[in-house]
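Please walk through this model one region at a time, with the sequence and the coordinates at hand. The paragraphs below begin with a covalent link, move on to strands and a helix, and then turn to the ligand and to some single residues.

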Amino acid sequence: MENDRLEQVRERYRAAATTVLTATGSSGGCCGSPAAPAGDSTAGAPAAGCCGDATAPVETEEVFGAALYAADETAELPDGAVLASLGCGNPTAVAELRAGERVLDLGSGGGIDVLLSARRVGPTGFAYGVDMTPEMLELARRNAAEAGATNVEFLEGRIEALPLPDAAVDVVISNCVVNLSTDKDAVLAEVFRVLVPGGRVGISDVVAEDHLSPAERAERGDFAGCIAGALSRQEYLDGLTAAGFTETEVTFTHEVRPGLHGAIVRAVKPVTV
Ligand SMILES: C[S@@+](CC[C@H](N)C(=O)[O-])C[C@H]1O[C@@H](n2cnc3c(N)ncnc32)[C@H](O)[C@@H]1O
């Protein structure tokens, strides 16, 4: 069951990245080809593999993807990074990044949040992305090269076993990926390990209202589509506390399915542990 889910997720995002890499060259995106003719109902629509329902009309899917970023934030990014956005929030906005900080993005996909982070932390800071899908890493590296970003690195790995040493980063961000993990306790433990004491978490994720059972979450969308694997708000808070975090909060921002929300997750690793 666990391996099946992992493979479904890997296959879904491999397909999404491959669609971008092969069909749109260096300036295309998962969420529709800019070359699609005017009036084409698929223009701007999410390709199969995006969070949410790939068959839904784009109007109903503005709860995911690039629509969640301010236009001035994305204006200077490569089209391929913006259009490949598959998230459910804007974690770089909530993490309040400062010059010189080291940032890690869990499940970095096409790289949009790594590139935005790199810009915010500046030349004295650094932004890492970790993703398990080689095709996504290829897309992210291509977008970074196109953006001319030199303070970034994309690492292949699973967020349940991060390829970074202890206390390597000041901030961990993520955009709609923790819900895709089959071992969320391991993810939160790894986030705690790689943060410096006093380091902080600023994650966007899909989170369920507490009354929604796992079966009810699964009725509203599949696991690889970022719905069925969502933690409830209380499960998230309990998981963060069990991992050792303090100052934990989960704030709903927008409903993505009945009883399921895009949410901001914040927490701090205590200075003394
Ligand atoms: C919904 S997309 C989000 C991508 C990106 N954060 C964004 O906002 O566009 C999920 C990404 O997480 C990656 N991913 C999913 N589960 C993972 C895991 N357990 N370990 C590492 N990467 C994972 C997928 O390969 C995919 O690129």
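A disulfide is a pair of cysteine sulfur atoms within 2.5 Å. What is shown is a predicted model, in which local features need pLDDT of at least 70, side-chain atom pairs count only at pLDDT 80 or more, and totals for chains, interfaces and linings use all residues. Residues are numbered from 1 along each chain as its sequence is written, and side-chain values use heavy atoms, with hydrogens and water left out.

The structure holds one disulfide, formed by Cys88 and Cys176, whose sulfur atoms are 2.4 Å apart. The link of Cys88 and Cys176 is right-handed, with 120° about the S-S bond. The pair links distant parts of the chain, 88 residues apart: Cys88 is in the loop between α3 (79-83) and α4 (91-94), while Cys176 is in the loop between β4 (169-175) and α7 (184-194). These labels follow DSSP runs numbered from the N terminus, a helix being a run of H or I with at least four residues and a strand a run of E with at least two. Cys88 and Cys176 are both buried, a word that here means under 20% relative accessible area, whereas exposed means over 50% and partly exposed lies in between (1.4 Å probe, protein chains only).

Two strands are said to pair if DSSP finds at least two bridges between them. Strand β1 runs parallel to strand β2 (residues 126-131) and is joined to it by five bridges, and the bridge partner of Arg102 in β2 is Phe126. Strand β1 also runs parallel to β4, to which four bridges join it, and here Leu106 stands opposite Ser174 of β4.

Between the strands β1 and β2 the path can be followed through a helix. Together β1, helix α5 (residues 112-121) and β2 make a right-handed β-α-β unit, where right-handed means that, with the strands pointing away from the viewer, the path from the first strand over the helix to the second runs clockwise. Because eight of the ten residues of α5 are buried, this helix is largely enclosed by the rest of the structure. Among the buried residues of α5 are Ile112, Asp113, Val114 and Leu115. After α5 comes Gly122, whose phi is positive, near 70°. In the loop between β1 and α5 lies Gly109, which counts as buried at 13% relative accessibility. Gly109 and Val130 are 21 residues apart in sequence, and their C-alpha atoms are 8.4 Å apart in space.

Asn175 is found in strand β4 and, at 8% relative accessibility, counts as buried. Its side chain makes a polar contact of 2.9 Å with the side chain of Tyr69, and another, of 3.1 Å, joins the side chains of Asn175 and Asp113. A polar contact is a pair of N or O atoms within 3.5 Å; within protein, one must be able to donate a hydrogen and the other to accept it, and residues adjacent in sequence count only if both atoms are side-chain atoms.

Which residues are closest to the ligand? Of the 24 residues that surround the ligand, the closest are Leu86, Gly107, Asp131, Thr133 and Ile159, a residue being counted as near if one of its heavy atoms lies within 4 Å. An oxygen atom of the ligand is 2.8 Å from a polar backbone atom of Leu86, and an oxygen atom of the ligand is 3.3 Å from a polar backbone atom of Gly87. A nitrogen atom of the ligand lies 3.2 Å from a backbone N or O atom of Met132. Taken alone the ligand exposes 590 Å², and the protein buries 99% of that, with accessible areas coming from the Shrake-Rupley method with a 1.4 Å probe and, for residues, only the protein chains shown counting as cover.

Two further residues deserve a look for their backbone angles. Most residues other than glycine have a negative phi. Ala167, however, has a positive phi near 50°; Ala167 is placed in the loop between β3 (152-156) and β4 and is partly exposed, with a relative accessible area of 34%. Cys226, also not a glycine, has a positive phi of about 75°. Cys226 is found in the loop between α8 (214-219) and β6 (231-232), and at 0% relative accessibility Cys226 counts as buried.
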